[in-house]
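Q: Please take a close look at one part of this model, the charged side chains. Where do they sit, and how are they paired?

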Amino acid sequence: MRISKLVFLSVINCLLSIANCQLSITTATAQRLTIAEPVKDVGRTGFKQPITATFELRNKGLRRLVIESVKPDCGCTAVEYPKEVGIGDKFTIKMTFDAKQLGHFQKMAVVKSNGSKRPVYLVMRGIVLPEVLDYSGTYPLAFGDLLLDKNELEYDDVNKGDHPIAEIHILNNGMKTMVPNVLHLPPYLTALVTPETLAPGKAGKVEITLNSEKLRDFGLNQTSVYLAQQLGDKVSPDNEIGISAVLLPDLKDYESFSKALAPQLQMSATEIDFSDFGGKSKKHAEITLQNTGKTTLKITSMQMFTRGLKITLDKQTLEPGQLAKMKVTGYASDLQKVRTKPRILMITNDPDHAKVVINIKLTSHPSPLTSK
């Protein structure tokens with residue numbers, strides 16, 4: 001029996017249509033197994049102190065994911081994983097190394113599932129040390145794997161021409177060699193990092209020198225610099241170091257005064273208690289200033305070391321015998337975030353009180369609830 005050409009073509013088209021339909025169904029139901037980070041650097045651990053790497057994965061397919069097996073490359077590594085995962089769900093696979101071998105390690109696990117035609121490989125890396133020291137007391141702060149003992153520097157009572165040096169002690173607590181460097185230095189600061197490269201587990205220091213002759217204003221000068229682990233790192237609040245310097249007025253300015261004729265500052269208090277806000281969002285305090293000297297008292301500068309305070313002074317020039325009122329408002333939400341002790345700084349032309357510091361007492365964190 002002979003089949004006409006038209007019938008033959010119709011059969012072929014039908015078969016192709018069925019094949020395309022099957023191909024479409026297969027593609028639509030194909031699994032997509034994705035992993036956020038296939039290689040995990042887990043850092044340091046002590047001898048026989050097991051360490052775990054947690055890998056985050058997701059089933060982006062259109063049917064349930066079935067994990068057939070997760071096989072590590074040696075018996076020193078244990079794995080945990082789910083057998084099935086729903087459509088679109090996230091899940092984790094954990095690898096735990098028993099740390100019974102000293103030195104650097106790299107362990108691998110092979111994941112087989114219906115989520116991919118080829119196996120998925122997970123890798124954990126780290127180092128096992130004879131012991132792991134607790135640096136939390138000596139280096140309480142961390143910029144990633146770079147540990148340091150402080151992130152605030154203060155240069156107090158500086159005179160023009162002084163070059164005080166402040167130190168920050170650092171430690172490389174990571175797995176890679178670092179090249180620490182200080183970024184965004186203003187003209188009046190210079191920095192020296194020793195050693196220039198910091199191997200894993202090694203300590204060093206950062207020396208920051210204040211060149212006081214380059215300070216423009218008397219009183220408080222504040223800035224921020226940034227300590228990077230490597231050249232080219234970006235600056236962010238996470239690696240910020242706050243720096244403050246108090247430049248005293250030139251004492252030669254006071255040589256024309258005799259003690260008998262000089263202005264004299266007296267204050268009703270040099271400390272404000274903001275330790276308890278009583279559930280309020282802000283609190284007020286008042287200090288009285290008086291000139292008990294023989295000539296005009298001038299308050300040439302009034303500054304705050306931290307945010308969270310508002311200050312008003314009704315007079316900055318006091319004739320002999322005159323009074324002035326200083327009103328200080330503390331804001332609970334801001335003061336509970338400060339990293340250094342809140343203080344108010346005044347610079348005056350009283351030879352005995354060229355620099356005056358008003359301390360803010362914060363024995364407990366304020367908790368703002370209402371504003372009145």
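A: Lys90 sits in strand β7 (residues 90-97); strands (E, at least two residues) and helices (H or I, at least four) are DSSP runs, numbered from the N terminus. With 66% relative accessibility, Lys90 counts as exposed. Here buried means under 20% relative accessible area, exposed over 50%, and partly exposed in between (1.4 Å probe, protein chains only).

The model is predicted: local features need pLDDT of at least 70, side-chain atom pairs count only at pLDDT 80 or more, and totals for chains, interfaces and linings use all residues. Residues are numbered from 1 along each chain as its sequence is written, and side-chain values use heavy atoms, with hydrogens and water left out.

Lys and Arg count as positive, Asp and Glu as negative; His and the chain ends are not counted.

Lys107, in strand β8 (residues 103-113), is buried and has no salt bridge. Asp73, the nearest side chain of opposite charge, is 5.1 Å away. A salt bridge needs a side-chain nitrogen of Lys or Arg within 4 Å of a carboxyl oxygen of Asp or Glu. Beyond its neighbours within four places in sequence, Lys107 has contacts (heavy atoms within 4.5 Å) that include Asp73, Met95, Phe97 and Leu122.

The structure holds nine salt bridges. One of them pairs Arg64 with Glu84, closest N and O atoms 3.2 Å apart. Arg64 lies in the loop between β3 (51-59) and β4, and Glu84 in strand β6 (residues 84-85), so the pair ties together parts 20 residues apart in sequence. Arg64 is partly exposed at 46%.

Glu154 bridges to Arg343, with closest N and O atoms 2.7 Å apart. Glu154 is in strand β12 (residues 152-158) and Arg343 in strand β26 (residues 343-348), so this pair ties together parts 189 residues apart in sequence. Glu154 is partly exposed at 40%, whereas Arg343 is buried at 10%.

Glu167 and Lys205 form a salt bridge at 3.4 Å between the closest N and O atoms. Their pairing links strand β13 (residues 165-172) with strand β16 (residues 203-210).
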